[in-house]
Amino acid sequence: MLLTARGPPAVVDVVESVGSGSFTPTSSRSRPASVAESLHSNTVPPDGYSQNAALSLLRNEKVVASSNGITVSICLAEPVLFLEGFDRNDADSRKTSILRGILRMKLSKSAKIKKICLNFKGVGQTNWPEGLPPKKNQLHEQHIIMNHTWMLFNAQLPAAEYSHGADHMKLKVPMVSTRELAASTIELLAKSGSTTSLAKLPKEARGLSLQSTYSRSFGKGETHHGGHSVASRGYKLFQPGEYWYNFELPISSRYSESINSTAGWVKYTLEATIERSGAFRPNLLGHREVPFIRTPAEGSLEHVEPIAISRTWEDQLHYDIIISGKSFPLGGQVPIAFKLTPLAKVALHRIKVIVTESTQVVANNKAHHRLDATKKVLLFEKRADAQSTSTFPGSVCRVTAGGGVAYDSRREAAEGIEYVNRRSTNLMGDLEGSFEAGPTEMEFDVQLPSCAELKKKDTSHALHFDTTHEQLIVNHWIKIVLRLSKLDERDPTKRRHFEISIDSPFHIMSCLATQSN
């Protein structure tokens, strides 16, 4: 396994709100000394590390802070975490993901460090442009979703005397004084419990080491080699090189996914802090956001279970419509199949495919809520006398049977090359003069907006994926509109026009929630 275990588990203080569903674990602890810590420059990675795994981690590395010879980066084993299930309260689909990675600190010169810690925090905010009731003097409401801290190194803890707390170290050859050489030699021997003979040590270090054994009484705050302890100094000297600190945290799928909408947002962030010693040595602080993406639960039929509609309209038209799935990622396509069987001389003039998005915002522990205006986005339209139009490029229209397509053009029409008769007003062909008119079968692949499209300034066509956050709820419906006409019973020379609207809920997922991920 890539990440090593950390000895005894951390003590976790849990604050859980049943009403809001928030969960806030906090932890602060020191960690045992790493078995891989060494003062040699040719350090071998510890057990559990493979070269390929380490390289994979470094490919997901992001530098979050750099100053005065110190570079701090965060490497994530999975740059995106996937949470399963659209119902967070469904115990059957509740699973756990693992946030894991490495905090990597690289020193080009020695540094006096007091503390190294890493914090993971989830924060949500809802926006209230007209003010939050009842006083309406507050435009935003923030809430903490989770909070967890790893104490990677603390100079005030006893383990700091003999350990840097790192899981893996790769030091450069340092230029040290003779006193530092003797101190580091004894520190290494004391840490490893080795009985190595002093005869094997360098001559200079052996002489200084023997001198240090003449006195067995230490002053307060001093160590066995005569220097002040790390705790009394308040810092530990880190030699030039690399220091790797592993971290991991289980993430329940009942947490909210990451959200970024006009009504509010939810963000999860890793924050690294390096606290240094010295009046003119500023601390280092860096952030890295971790996206949480919602996907259907494992074994769910969301991707394959179709939405099927079969109805008859006023003894004029029988239609079967099948939408191949109930959840689709942004940037993907929605396959829709039509079978239209005319029962009389009815005309189908056009078909529209529309997505509606509704947003509900909640605040003050569900005491106040609002419904934003429903957004309607026309995705696709097919008219009898024109080529199909798509709001987002990539949609395809195929006619596999009927539709008034000329015999020579049927193969092309079935492959997606549209046949257009400018004089036709009926997508089902000429039902007035043809005695061979039968069912018309069509297939649409309707394109959803991609992430790149959503970054454009025009937000009128922007769609946000579905959310399960209890304070910011976004959901979608797909609407198929058929524009029809039939002969007027009172005046056969005229036609009466109607619209049939078929609505069904469905899930829009993040563009990262694809099968390839």
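A search of the whole structure finds 10 aromatic pairs. Here, rings of Phe, Tyr and Trp (its six-membered ring) pair if their centres lie within 6.5 Å; planes under 30 degrees apart count as stacked, over 60 as edge-to-face and the rest as tilted. This is a predicted model, in which local features need pLDDT of at least 70 and side-chain atom pairs count only at pLDDT 80 or more, while totals for chains, interfaces and linings use all residues. Residues are numbered from 1 along each chain as its sequence is written, and side-chain values use heavy atoms, with hydrogens and water left out.

Take Trp150 and Phe247. Their ring centres are 5.3 Å apart and their planes meet at 50°, so this pair is tilted. Trp150 sits in strand S8 (residues 140–154) and Phe247 in strand S11 (residues 241–252). The pair thus links distant parts of the chain, 97 residues apart. Helices (H or I, at least four residues) and strands (E, at least two) are DSSP runs, numbered from the N terminus. Trp150 and Phe247 are both buried. Buried means under 20% relative accessible area, exposed over 50%, and partly exposed in between (1.4 Å probe, protein chains only).

Tyr268 and Phe292 make a stacked pair, 3.9 Å centre to centre with 15° between the planes. Tyr268 belongs to strand S13 (residues 264–276), and Phe292 to strand S15 (residues 292–295). This pair also links distant parts of the chain, 24 residues apart. Tyr268 and Phe292 are buried. Together with Phe120, they form one aromatic cluster.

Charges meet rings too. A charge sits over a ring if NZ of Lys or CZ of Arg is within 6 Å of the ring centre and within 35 degrees of the ring normal. The charged end of Arg233 sits over the ring of Tyr235, 5.3 Å from its centre. Lys486 lies over the face of Trp313, 5.8 Å from the ring centre.

Now turn to the sheets. Two strands pair if DSSP finds at least two bridges between them. Six bridges join S3 to S4 (residues 70–76). Ser66 stands opposite Thr71 in S4.

Another open sheet runs S16-S17-S19-S25-S24, five strands with antiparallel pairing. S16 (307–313) and S24 (396–401) each have a single partner strand, so one side of each is left without a neighbour in the sheet. The twist here averages 15° from one strand to the next. S16 pairs with S17 (residues 317–323) over seven bridges. Ala308 stands opposite Ile322 in S17.

The cysteines come last. A disulfide is a pair of cysteine sulfur atoms within 2.5 Å. By this rule the count is one. Cys451 is joined to Cys511, S to S 1.7 Å. The link is left-handed, with -90° about the S-S bond. Cys451 lies in helix H6 (residues 451–454) and Cys511 in the segment after strand S27 (495–509), so the pair ties together parts that are 60 residues apart in sequence. Cys451 is partly exposed at 25% relative accessible area, and Cys511 is partly exposed at 22%. Cys117 is buried at 14%, and Cys397 is buried at 3%.

Methods:
Axes are lines fitted to C-alpha atoms, for helices over the stretch in contact, and angles run from 0 to 180 degrees between N-to-C directions.
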